[in-house]
Amino acid sequence: MDYFLREIEGKQVHDPLFMENNNKKNKNTVWVDGPVIVGAGPSGLAVAACLREKRIPSMILERSNCIASLWQHKTYDRLSLHLPKQFCELPFMGFPSHFPTYPSKQQFIEYLETYAKRFGIRPRFNETVERVEFDAKIGFWRIKSVHKAGVTTEYVCRWLIVATGENAEAVVPDIEGVGEFGNPIRHTSLYKSGEEFRGKKVLVVGCGNSGMEVCLDLCNNDATPSLVVRDTVHVLPREMLGKSTFGLSMWLLKWLPMRVVDKFLLIVSWLMLGDTARFGLDRPVLGPLQLKNMSGKTPVLDVGTLAKIKAGHIKVRPGIKRLKRHTVEFVDGRTENYDAIILATGYKSNVPYWLKEEDMFSKEDGYPRRPFPNGWKGKNGLYAVGFTKKGLLGASMDAKRIAEDIEQCWEAEAKYKTAFTRSHLSLQPNS
Ligand SMILES: Cc1cc2nc3c(=O)[nH]c(=O)nc-3n(C[C@H](O)[C@H](O)[C@H](O)COP(=O)(O)OP(=O)(O)OC[C@H]3O[C@@H](n4cnc5c(N)ncnc54)[C@H](O)[C@@H]3O)c2cc1C
């Protein structure tokens with residue numbers, strides 16, 4: 001029954017009279033035969049490629065003017081993949097062998113461009129999805145998308161794949177006195193290079209991978225950075241015993257329980273980096289893998305920042321109490337002047353802003369409510385790719401599962417369609 005209702009709706013949107021009436025109501029409606037994917041980052045590309053391999057057409061809507069907009073527009077120049085390339089490849093295509101273990105941002109973008117070409121993926125750019133709702137009467141998703149040029153389109157589809165990512169919007173903390181500070185305050189998504197801060201005193205807020213790396217970049221460009229560390233943090237060497245720390249951990253986890261692997265990582269880190277607490281970087285009680293598993297908090301993989309902290313080139317500071325003109329007052333009562341503040345305060349999902357659905361995604365954080373590995377599928381043909389807190393590896397796993405799931409439905413509906421068409425043809429006079 002569901003299928004036939006959808007068939008009627010499908011015919012309606014192809015019907016000029018229906019469309020004319022619809023357009024009179026200022027609605028530009030497009031029926032999409034296949035899934036609609038929201039977001040053309042690595043996750044969106046991965047799922048489109050997996051569908052394509054199963055001969056299922058899909059359409060990607062992307063608010064930016066290019067694929068992987070996070071990487072092209074919102075990351076700093078010196079960025080390389082944090083994890084070795086074999087853990088970052090998308091389905092069906094590895095990185096070129098001449099790429100280094102940790103490809104640069106430019107190389108990663110090049111890889112994604114080649115990937116999109118190879119699988120014939122051509123997203124609709126400059127389309128911001130503003131509202132999506134499931135229409136239970138017809139069994140379809142209705143997607144309201146606004147093009148940069150101001151045109152609003154309603155896409156109607158059977159399957160909706162959310163690929164807007166864990167980093168869709170910058171998180172900007174509410175700091176008292178922001179209006180008074182007077183010098184530049186910038187989120188890392190707008191930071192390109194330390195060059196523009198040469199000779200300046202800069203406060204970096206947040207000690208994740210981005211904050212640590214921005215501090216290093218500032219140091220290398222003769223700026224004087226301080227790093228605000230409010231929380232405990234695990235800093236691990238990026239490589240240990242001649243292997244990537246990530247790869248080694250994955251391998252050890254095959255044989256040993258997580259807490260034992262954590263112990264091992266902490267001992268080797270202590271031997272290689274010393275006691276990080278001595279430099280103001282206290283470790284959490286839980287080990288790095290257990291913490292990542294329970295809260296999603298990623299350990300920092302050190303690429304040289306710690307040596308700069310030890311040498312006194314980067315100062316560690318506690319939380320900010322308030323800002324005054326060109327001055328920062330810290331919670332320990334100390335005040336210091338700064339020429340700029342960089343907020344390495346992370347990102348958040350934007351799903352609750354546009355997806356009118358309460359079952360699969362949490363309203364609080366915009367992530368699927370069910371944790372990995374079960375967060376990829378919701379009801380009524382709704383899917384999520386890239387919300388696993390497990391980087392590109394997690395996104396690739398989601399993408400394959402989603403394509404397999406849709407394939408089953410797609411094949412069943414194709415059989416219905418054939419039967420439906422045949423029965424219609426047999427009713428024609430000369431068939
Ligand atoms: C600095 C940094 C380094 C990282 N390094 C690694 C690494 O080395 N290895 C790893 O595995 N992971 C890494 N990650 C984590 C993660 O894998 C990447 O962020 C990756 O880009 C996630 O891909 P995605 O497609 O899920 O999200 P994104 O790359 O964020 O793509 C989502 C897309 O959706 C679009 N979009 C959002 N909202 C809408 C809307 N309403 N309508 C239309 N389009 C919309 C966005 O414009 C964007 O293009 C890193 C993250 C960051 C921030």
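User: Before we start, where do the domain bounds come from?
Analyst: Domain bounds come from an automatic or database domain assignment. For this chain, that gives domain 1 (2–168 + 349–426) and domain 2 (171–346).

User: What kind of model is it, and how are residues numbered?
Analyst: It's a predicted model, where local features need pLDDT of at least 70 and side-chain atom pairs count only at pLDDT 80 or more, while totals for chains, interfaces and linings use all residues. Residues are numbered from 1 along each chain as its sequence is written.

User: OK, back to the domains. How many Å separate their centres?
Analyst: The centres of domain 1 and domain 2, taken over C-alpha atoms, are 34 Å apart. Nine residues from domain 1 and 13 residues from domain 2 make up the contact; two residues are in contact if their C-beta atoms, placed from the backbone, lie within 7 Å.

User: Which classes are on the domain 1 side?
Analyst: Four nonpolar, one polar and four charged residues. Here Ala, Val, Leu, Ile, Met, Phe, Trp, Tyr, Cys and Pro count as nonpolar, Asp, Glu, Lys and Arg as charged, and the others, Gly among them, as polar.

User: New topic: how many helices and strands does the chain have?
Analyst: There are 13 helices and 22 strands. Both are DSSP runs numbered from the N terminus: helices are H or I with at least four residues, strands are E with at least two.

User: And how much of the chain is buried?
Analyst: Of its 431 residues, 35% count as buried, meaning 20 or more other C-beta atoms lie within 10 Å of the residue's own, with C-beta atoms placed from the backbone.

User: Which residues have the most contacts inside the largest nonpolar core?
Analyst: Val-36, Leu-45, Val-47, Cys-157, Ile-161 and Val-385, in a core of 63 residues. Helix α3 (residues 42–53) gives the largest share, seven residues. A nonpolar core is a set of buried Ala, Val, Leu, Ile, Met, Phe, Trp, Tyr and Cys residues joined through C-beta atoms within 7 Å.

User: What does Val-36 touch?
Analyst: Leaving out residues up to four places away in sequence, Val-36 touches Met-59, Leu-61, Ile-143, Tyr-155, Cys-157 and Leu-160.

User: Last one: which residues are closest to the ligand?
Analyst: Gly-39, Gly-41, Gly-165, Gly-386 and Gly-391 are the closest of the 35 residues around the ligand; a residue is near a molecule if its C-beta atom, placed from the backbone, lies within 6 Å of it.

User: Which element gives the most to that shell?
Analyst: α13, with four residues.

Methods. Buried ≥ 20, exposed ≤ 12 C-beta atoms within 10 Å, placed from the backbone.
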